[in-house]
Amino acid sequence: MSAQAPVWGRAEQQDFRSRVRGTLLGGALGDALGAPVASLALDELRTAHGADGLGDLVPAYGRRGAVTAASQLTLFTVDGLIRAQVRRDTGAWHPPTDVHRAHLRWAVTQTEWGPDERRKDDGWLAREEWLYARRDPDRALLSGFGDELLGTLQEPKNPAERGSSAATRSAPFGLLVGWEPQLVLQLAVECATQSHGHPGAYLSAGAFAVLVHALARGESLDAAVQRALALLAARPGHQPVTDALQQALGAVRQGIPTAGRVDALAAGRTAEAALGAAVYCALVCEDIRHGLRLAVNHGGDSVAVGALAGSLLGAQHGETALPPSWVADLEGRPTLLELADDFAMEMTQGAALHGPSAASPGWLARYPRA
């Protein structure tokens, strides 16, 4: 894999940081909003929260604004991409391996009580105690990251798994704005196969990353969907994902958005169903609060659709468009913002942090090359 670094002016750096923050915050907000209703059918959700459904953050896991494994893994994806860039100086540059190692560090948080200070090479994110809470990771995640074996497209982990957990951790790949879209798709696909080996799952992850990539570069979501469809067409097993995206586009033309349309698109709880529903919500809603409410009030996977739609809307509009009262209550917000800003700094100013003529010991302690 190779990528051309963009030229960054100050305005471009500020816009990029806003979109990185928006993508990660938006995804986490959708995750947190959907967490309390993730297992409810639409009629059960309306019984519990009224005819209009859930309209605000409510407690899950004992607190308002709590996130699930989807957000935890997204943070570790970001960490892995930063580490890949840092390790590039050594000549050992293979982003799928570095992201996989980051996901293995997440797996440790699901089996241990807290950080082990003896693991100096884990970096700062793995020492965040709040990430050691177990938040309903699916079986495919735990088995996929249960050993250090690196899966491939030819021999993926869990080849029958087509759930959405690989897609929901894939927004950070789309933030590699200096990469070509086909490389973004390929990286997301390769990393998705480490836990979800069904084409519907790993191609949904790749298509989602392509959508975020286009939005982070200032393109429209309509154009992003068309690019994703074009790239998918060359991939074996793409039809379910292609169909889901085309159904989302068709639903947009059916009039005023309704929970029933989202419910129909999200039915089946597969990765492609969640992606199609999320794209629909992002297409029909300019207002992020409205879009996130639409994305979680249905009988499908509310966490996945909420997280995917939130990332799309956040990448499109930037952090300042997010509902402030929700952002203020979001679990782990300081960690998320710190990581987002580190990612933006690495991608725009990495040479000044660890290039041949300069090195920051503090940066290399945060993101070790080992």
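The structure is a predicted model, in which local features need pLDDT of at least 70, side-chain atom pairs count only at pLDDT 80 or more, and totals for chains, interfaces and linings use all residues. Residues are numbered from 1 along each chain as its sequence is written, and side-chain values use heavy atoms, with hydrogens and water left out.

Helices (DSSP runs of H or I, at least four residues) are numbered from the N terminus. Axes are lines fitted to C-alpha atoms over the stretch in contact, with angles from 0 to 180 degrees between N-to-C directions. The axes of H3 and helix H17 (residues 333-354) come within 10 Å and cross at roughly 10°; H3 and H17 are therefore roughly parallel to each other. In this contact (heavy atoms within 4.5 Å), the residues of H3 include Leu-75, Val-78 and Ile-82, and those of H17 include Leu-336, Phe-343 and Met-347. The contact of H3 with H17 comprises nine nonpolar, two polar and three charged residues. Here Ala, Val, Leu, Ile, Met, Phe, Trp, Tyr, Cys and Pro count as nonpolar, Asp, Glu, Lys and Arg as charged, and the others, Gly among them, as polar.

H3 also packs against helix H4 (residues 95-109), with axes that come within 8 Å and cross at roughly 140°. H3 and H4 are therefore oblique to each other. Among the residues that meet are Phe-76, Asp-79 and Arg-83 in H3 and Asp-98, Arg-101 and Trp-106 in H4. By class, nine nonpolar, five polar and six charged residues form the contact of H3 with H4.

For helix H13 (residues 271-284) and H15, the axes lie 8 Å apart at an angle of about 45°, and the two helices are therefore oblique to each other. Ala-274, Leu-275 and Ala-278 of H13 are among the contact residues, as are Val-305, Leu-308 and Leu-312 of H15. The contact of H13 with H15 has 13 nonpolar residues, with no polar and no charged ones.

A cavity is a set of points on a 1 Å grid over the protein atoms alone where a 1.4 Å probe fits but cannot get out. Grid points are joined across faces, edges and corners, and a volume is the space filled by probe spheres set on the points. Three cavities of 30 Å³ or more are found, and the largest cavity holds about 100 Å³. Of its 13 lining residues, Leu-24, Gly-27, Ala-28, Ser-71 and Thr-74 are the closest to its centre; lining residues have an atom within 4 Å of a point. Helices H1 (10-34), H3 (69-87) and H15 (302-317) each supply at least two residues of this lining. The lining of the largest cavity has seven nonpolar, six polar and no charged residues.

Notes:
1 Å grid on protein atoms, 1.4 Å probe; cavity = no way out; pocket = protein on both sides within 12 Å on 5 of 7 lines; lining within 4 Å. Parallel < 35°, antiparallel > 145°, perpendicular 65-115°, else oblique.
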